[in-house]
Amino acid sequence: MRITRALRLGVGALALAVVATGCGAGSSKTAAQHAADGKLTVGIKFDQPGLGLRTKDGSFSGFDVDVARYVAGKLGVKPENIAFKEAPSAQRETLIQNGQVDFIAATYSITDQRKEKVDFAGPYYVAGQDLLVRADNTDITGPESLKGKKVCSVKGSTPAQNLAKDYKDAQLQTYDTYSLCIEALKSGSMDAVSTDNVILAGYAAQSPGQLKLVNKPFTTEKYGIGLKKGDKDSRDRINDAIEAMFADGSWKAALDKNFGGTGFQAPQPPTLDRY
């Protein structure tokens, strides 16, 4: 039996519709609606010790992970029903806009530029950009001593943008991940790695005696939970969860658990930017 062109087109259109539905499954739902269904997909970093790290056994650890799990729990989602997805710095807005994640907790600095594309709950932490160097380095004492130095940061990150704008004498090089920057620092091909102090503290703790934090923060970075623009209901509910985490001691406990022994001092919880 011959299949007419119209029938072939109809079958093709149906197949495309099925594929489109599968690829964008749930993308039209809000984070709160997905939570009501009992499941959430959350973007985190996979390579940041102390913040968002995928371990060899496939489990996840870190402060951002603890924040994400706490928030999900307040939204009614059990830990085993959270799917963690890697969210590299340069891809975070795209992951949210495409509905590939419900929200992102990945050292995600709140900026006016990003708020044009996504919304933020929080901040749940306020960090400061700093420098990480080899333990025997005495040349780099702060950002003002970066002239001619090879400094590594991550593509699409706020720290990389800050260095490019304010410290043009530094030889900025950007990699896809901070772990690649750390490898380059250890090997001697980079003089310093720059990002937020809490991120650098995690890497320093992972390499005792090899790396040290300069401890001269030169920016203020507000970490927020990124979610789809215009999703006020989910944002309000996530903000409520963050405030509950501050109030019941879970926030400080998570910081102490992830950075204990590094000399890191937990600050006071920040004030949320509700809008």
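Which residues lie nearest the centre of the second largest pocket? They are His34, Lys39, Leu40, Thr41 and Asp102, among the 13 residues that line this pocket. A pocket here is an open set of points on a 1 Å grid over the protein atoms alone, where a 1.4 Å probe fits, with protein on both sides within 12 Å along at least five of seven lines; lining residues have an atom within 4 Å of a point.

This is a predicted model, in which local features need pLDDT of at least 70 and side-chain atom pairs count only at pLDDT 80 or more, while totals for chains, interfaces and linings use all residues. Residues are numbered from 1 along each chain as its sequence is written, and side-chain values use heavy atoms, with hydrogens and water left out.

Back to the pocket: its space comes to about 230 Å³, a volume being the space filled by probe spheres set on the points, which are joined across faces, edges and corners. The table sorts its lining by residue class.

| Class | Lining residues |
|---|---|
| nonpolar (Ala, Val, Leu, Ile, Met, Phe, Trp, Tyr, Cys, Pro) | 5 residues |
| polar (the others, Gly among them) | 5 residues |

Now for the fold as a whole. The protein chain has 10 helices and 13 strands, taken as DSSP runs numbered from the N terminus (helices H or I, at least four residues; strands E, at least two). Of its 275 residues, 47% are buried, meaning under 20% relative accessible area with a 1.4 Å probe, protein chains only.

Helix 8 (residues 197-206) is largely enclosed by the rest of the structure, because 8 of its 10 residues are buried. Among them are Asn197, Val198 and Tyr203.

Note on methods
Buried means under 20% relative accessible area, exposed over 50%, partly exposed in between (1.4 Å probe, protein chains only).
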